[in-house]
Amino acid sequence: MACPFVVQAENQPDTITVFAASSLRDALGDAAQLYKAQTGTDVVLVFAATSAIARQVAGAAPADVVLLADQDWADWLVAQGTVSQMAAFVGNQLVLIGRDHAPIADPQDIEAALGGGVLAMAQVDAVPAGRYGKAALVSLGIWDSVAARVVQAANVRAALRFVERGEAALGIGYASDLVALPALTKVYAFAPDTHPDIIYSGAQVTPEGADFMAYLHTVEAQDTLARWGFSRLDVAQ
């Protein structure tokens, strides 16, 4: 079924470029293919940590659409005057992730669950997944006890590759990462009230990006994101 927000293909640009948070990689790849099938527009996807993406777009990188995983960086991009506003389009859940690791019920058991290993996280002072993870550990009163055992990576996928390769005992990432990296499993799910809301938001940077942003709010796009482990927001019917 055609999505009502997508304009007729003959009015579409040949190509648009989307700069997006790394955690969107797999889901957005599928959404872009569906969008191309409807409109004929190729979607070039550029992925990096939200902090890097925001700075690149603010620095005039050739993006038609920008998609971020953190409200603070979204607000910063608006404050830079790069976009007029950012619109939320999907959510996610923060989880502790392992490889063949038994689940735990009490977050106070996280330190013990690490054993002699390390905890892989995205950069805790800049990258959304790292900031959310640190906030959760601080909220639970266990950050100080594990901070010296944290290994930081440039983005959440890079952090979880340490877990995948057995170089880290555990990592902190998103529920969507469990779909994209099937060798990994959920060890513990952090309660939403332990960290800021995980809301992804985006904006058109050029007029050519407007239709793709509208598409992300359609039922079809939301279904695609949900299949990859993201949390639905209100969508157009």
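Between which two helices is the loop that holds Thr218? In this predicted model, Thr218 sits in the loop that links helix H9 (210–215) and helix H10 (219–227).

Thr218 has a relative accessibility of 2%, so it counts as buried, the cut-off being under 20%. Its side chain has a polar atom 2.7 Å from the backbone oxygen of Tyr215. Thr218 and Phe89 are 129 residues apart in sequence, yet their C-alpha atoms are 9.6 Å apart in space.

Now for the sheet. Five strands make up an open sheet with mixed pairing, in the order E2-E1-E3-E10-E4. Strands E2 and E4 are at the edges with a single partner strand each, so one side of each has no neighbour in the sheet. On average, and ignoring direction, neighbouring strands here are turned by 25° against each other.

Strands E1 and E3 pair in the parallel sense, over three bridges. In that pair, Val18 stands opposite Val65 in E3. Helix H3 packs on the sheet and touches both E3 and strand E10. The direction of H3 makes about 145° with that of E3.

Here are the residue ranges of the sheet strands:

| Strand | Residues |
|---|---|
| E1 | residues 15–21 |
| E2 | residues 42–48 |
| E3 | residues 65–68 |
| E4 | residues 87–91 |
| E10 | residues 199–204 |

As for what holds such an arrangement together, strands of a sheet pair through backbone hydrogen bonds, in either a parallel or an antiparallel way.

Notes. Residues numbered from 1 in each chain as written. Predicted model: local features only at pLDDT ≥ 70, side-chain atom pairs only at ≥ 80, totals over all residues. Heavy atoms only, no water. Helix = DSSP H or I, 4+ residues; strand = E, 2+ residues; numbered from the N terminus. Buried < 20%, exposed > 50% of the residue type's maximum accessible area, 1.4 Å probe, protein only. Polar contact = N/O pair within 3.5 Å; in protein donor to acceptor, adjacent residues only side chain to side chain. Pairing = 2+ DSSP bridges. Axes fitted to C-alpha atoms, helices over the stretch in contact; angles between N-to-C directions. Contact = heavy atoms within 4.5 Å.
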